[in-house]
Amino acid sequence: MATVSKEDYLSVIFKNLDDKNEVKANVIAEKLSISNAAVTDMLKKLSNEDLVIYEKYKSIKLTENGFLYAKNMVRRHRIWEMFLHQVVGIPWDKVHEEAEKLEHSSSDYLINKIEEMLNFPEFDPHGDPIPAKDLKLPKQKKSVKLSLMKINQKGRVVRVNDFDNEFLSYISKIGIELNAKLKVKEIREFDKSMHILVGNKDWNISQKIADNIFIEIIDKGNL
């Protein structure tokens, strides 16, 4: 198994912070597909480097140093994703792994030049915000999980979770991409699966898929 770097840990912690700016250790293990024991060992090291606040059996917090470090790594990753998607033409279900390889070996100078060449994008190919050079995050549109929408509600896709390449590939095939419009036609009570209209085509999707698609509700207008 490939070695998981401290940058990977900090990025995952940053991306999965809850409303209290905390994350549980088991969430880190799940997202990185590694054991809880391995996570504990790394958290102890990160704590010694003043990057996280770690106490056994408690949720993890980033220190100020850790927060800035993690945000800079996320910035590098998402700018590389935009470059690979827009310039190289790599589809959104394949940019994550390539960006992972490039983010660690890039200087801040190179990242800043790529950002300038791309005309300072605010969001990556999956709709996630890109921290600016000063590490400030752009204002995001108010959104809800597709799974929380009601029957006959319409919306526009503003973000999708990039946790799984097969998930991204599948939703691409059914026409779900950034800014795609859709309508909820039916919600099945027994398993919360949904019947949706994407463009002019009908699809059935599971609750798990709907949980990972984020929608800006549209009050008016036709699809």
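User: In this predicted model, what makes strand 6 (residues 194-198) largely enclosed by the rest of the structure?

Analyst: Five of the five residues of strand 6 are buried, so the strand is largely enclosed by the rest of the structure. Met-194, Ile-196 and Val-198 are buried on one side, and His-195 and Leu-197 are buried on the other, which leaves both faces covered.

User: How do you know that strand 6 pairs with strand 5 (residues 181-187)?

Analyst: Pairing requires at least two bridges, and five bridges join strand 5 to strand 6 in an antiparallel arrangement. Ile-187, for example, has Met-194 of strand 6 as its bridge partner. The hairpin of these strands has six residues between them, and Lys-192 there takes a positive phi near 65 degrees.

User: What makes strand 7 (residues 201-205) a partner of strand 6?

Analyst: The criterion is again at least two bridges; strand 6 and strand 7 pair over five bridges in the antiparallel sense. Within this pair, Leu-197 stands opposite Asp-202 in strand 7. Two residues lie between the strands of this hairpin, where Gly-199 takes a positive phi near 65 degrees.

User: Why is helix 1 called roughly perpendicular to helix 3 (residues 36-48)?

Analyst: The two axes come within 11 Å and cross at roughly 95 degrees. Angles of 65 to 115 degrees count as roughly perpendicular, and therefore helix 1 is described as roughly perpendicular to helix 3.

User: How do you know that the buried residues of helix 5 (residues 95-103) lie on the same side of the helix?

Analyst: The buried residues of helix 5 are Val-95, His-96, Ala-99 and Glu-103. They cover an arc of only 90 degrees around the axis, and therefore they lie on the same side of helix 5. What covers them includes helix 1 (6-15) and helix 4 (64-88).

User: Why is Arg-75 counted as buried, and what does Arg-75 touch?

Analyst: Arg-75 is found in helix 4. The cut-off for buried is under 20% relative accessible area; Arg-75 has 3% relative accessibility and therefore counts as buried. Leaving out residues up to four places away in sequence, Arg-75 touches Ile-111, Asn-112, Glu-115, Ile-130, Pro-131, Ala-132, Lys-133 and Leu-135.

Technical notes. Residues numbered from 1 in each chain as written. Predicted model: local features only at pLDDT ≥ 70, side-chain atom pairs only at ≥ 80, totals over all residues. Heavy atoms only, no water. Buried < 20%, exposed > 50% of the residue type's maximum accessible area, 1.4 Å probe, protein only. Helix = DSSP H or I, 4+ residues; strand = E, 2+ residues; numbered from the N terminus. Arc of directions from axis to C-beta. Contact = heavy atoms within 4.5 Å. Axes fitted to C-alpha atoms, helices over the stretch in contact; angles between N-to-C directions. Parallel < 35°, antiparallel > 145°, perpendicular 65-115°, else oblique.
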